[in-house]
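Here are my notes on the model you asked me to look over.

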Amino acid sequence: MPPPQKNYHTAAPEPETAIDRSHGDFPVAGDSDEEVYFKTHKAPSYLAEIEEQTKQFVEYHAETTGKRIALVTSGGTTVPLENNTVRFIDNFSAGTRGATSAEYFLENGYAVIFLHREFSLLPYSRHYSHTTNCFLDYMIEKDNKVEINPEFADEMLVVLRKYQQAQKSNSLFLVPFTTVNQYLYTLKSMSTILQRIHTKALFYLAAAVSDFFLPSSRMPQHKIQAQPSGKLVVDLEQVPKFLRRLVDSWAPQAMIVSFKLETDNSILIKKAKDALSRYQHQLVIGNLLQSRKNEVVIVTPNGEQEWIRLTEEDKSKKVEIESLIIPAVKHKHEEWMKSWQQKSTA
């Protein structure tokens, strides 16, 4: 079994980057946007260690358990405006869907790499870290000792056992990110490592990734000072669309699931179909901002639409919609694996 996981902190700026302002010019025309990005932005200093731990995790399940592995991305990315970061642009996401889905992937027999925004919701601890109750409300003092409040004890025991099982079976690997640069480098690296298990890899891309970024070559070293005009004008560039590269070359045999969030019901299906056509991946899970916790639609490249909705009875029983989404995704993953097997034997 791989060694215990090491904790990494991603929110602080890289010390070396904060003082090193030597950035190369953009390469001549000819490279793709993705290639340009990786040539002109440095990898996180801890990436090599993450890669080694990821290799150990993947090898363990490839050689010992035979489990499929779901890489679940979760939470939002930041775009720093300075190297010594004081200000940044954020994509808000608490990570609810990602953390919840990770639990149900584990319950459905997957090992999970959880690529998450640092300090966003985590599997299992999410039940207690983002609630209307203070964490201390779950505890009481009795005979000079701390005990679990009996009101919550049964529920906490269920969650604790699931968490301990994930730890005991080495089925959950937590990897943090904060900036969009950290996210992109880590996703690319993990994708190539997951090529080892071919179609057994599944990417569940629930993170809210920034659409725009400030290139490091134009990023000031220190805190931006007040401007004579009284205004701050920031010239951002579009983050390259990495999904097609993930499909084509980073993990060509893996099943890729992306999300499409809209506020207008009339365009949701069209947007999902457009994404499938543009990036050539396998599934889009569409949801509306207003009803995302109660209904989603799974859209496939051949035009199939599978709506998943909570009934009133489900809602009264506090059923989480992810408990219905993940088995449906698992079924689609099984079909994907069979289709590749048929290709290889044809």
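1. Let us begin with a side chain to find on your display: does Phe-119 count as buried or exposed? Phe-119 counts as exposed, because its relative accessibility is 65%. (Buried means under 20% relative accessible area, exposed over 50% and partly exposed in between, with a 1.4 Å probe and protein chains only.) Phe-119 is found in the loop between β4 and α5 (126-129). Its C-alpha atom is separated by 9.8 Å from that of Thr-10, although the two are 109 residues apart along the chain.

2. A word on the ground rules. This is a predicted model, in which local features need pLDDT of at least 70 and side-chain atom pairs count only at pLDDT 80 or more, while totals for chains, interfaces and linings use all residues. Residues are numbered from 1 along each chain as its sequence is written, and side-chain values use heavy atoms, with hydrogens and water left out. Helices (H or I, at least four residues) and strands (E, at least two) are DSSP runs, numbered from the N terminus.

3. Tyr-124 has a positive phi of about 75 degrees although it is not a glycine. Another residue to check is His-198, which is not a glycine either and has a positive phi of about 55 degrees. His-198 sits in the loop between α7 and β8 (201-205) and counts as partly exposed, at 42% relative accessibility.

4. In β4 (residues 111-117), seven of the seven residues are buried. Strand β1 (residues 69-74) pairs with β4 in the parallel sense over six bridges, where two strands pair if DSSP finds at least two bridges between them. Leu-71 has Ile-113 in β4 as its bridge partner.

5. β4 has another parallel pairing, with β7, again over six bridges. Here the bridge partner of Phe-114 is Leu-174 in β7, and His-116 stands opposite Pro-176 in β7. β7 is mostly covered, with five of its six residues buried.

6. Which residues lie nearest the centre of the second largest pocket? They are Leu-122, Pro-123, Tyr-163, Gln-167 and Leu-174, from a lining of 32 residues. The elements that give two or more residues to this lining are α6 (150-168) and β7 (172-177), and α6 gives the most, with eight residues. The volume of the second largest pocket is about 730 Å³. By class, its lining has 22 nonpolar, eight polar and two charged residues. (Ala, Val, Leu, Ile, Met, Phe, Trp, Tyr, Cys and Pro count as nonpolar, Asp, Glu, Lys and Arg as charged, and the others, Gly among them, as polar.)

7. For pockets and cavities, the search runs on a 1 Å grid over the protein atoms alone: a cavity is a set of points where a 1.4 Å probe fits but cannot get out, a pocket is an open set with protein on both sides within 12 Å along at least five of seven lines, and lining residues have an atom within 4 Å of a point. Grid points are joined across faces, edges and corners, and a volume is the space filled by probe spheres set on the points. The count comes to one cavity of 30 Å³ or more.

8. The largest cavity has a volume of about 70 Å³. Among the residues lining the largest cavity are Pro-2, Gln-53, Phe-57, Asn-170 and Phe-173. Helix α3 (residues 47-65) gives the most to this lining, with three residues. The lining of the largest cavity has five nonpolar, four polar and no charged residues.

9. Helix α7 (residues 180-194) has 15 residues and reaches 21 Å from its first C-alpha to its last, close to the 21 Å expected at 1.5 Å a residue. (The expected span is 1.5 Å times one less than the number of residues.) Of the 15 residues of α7, 13 are buried, so the helix is largely enclosed by the rest of the structure.
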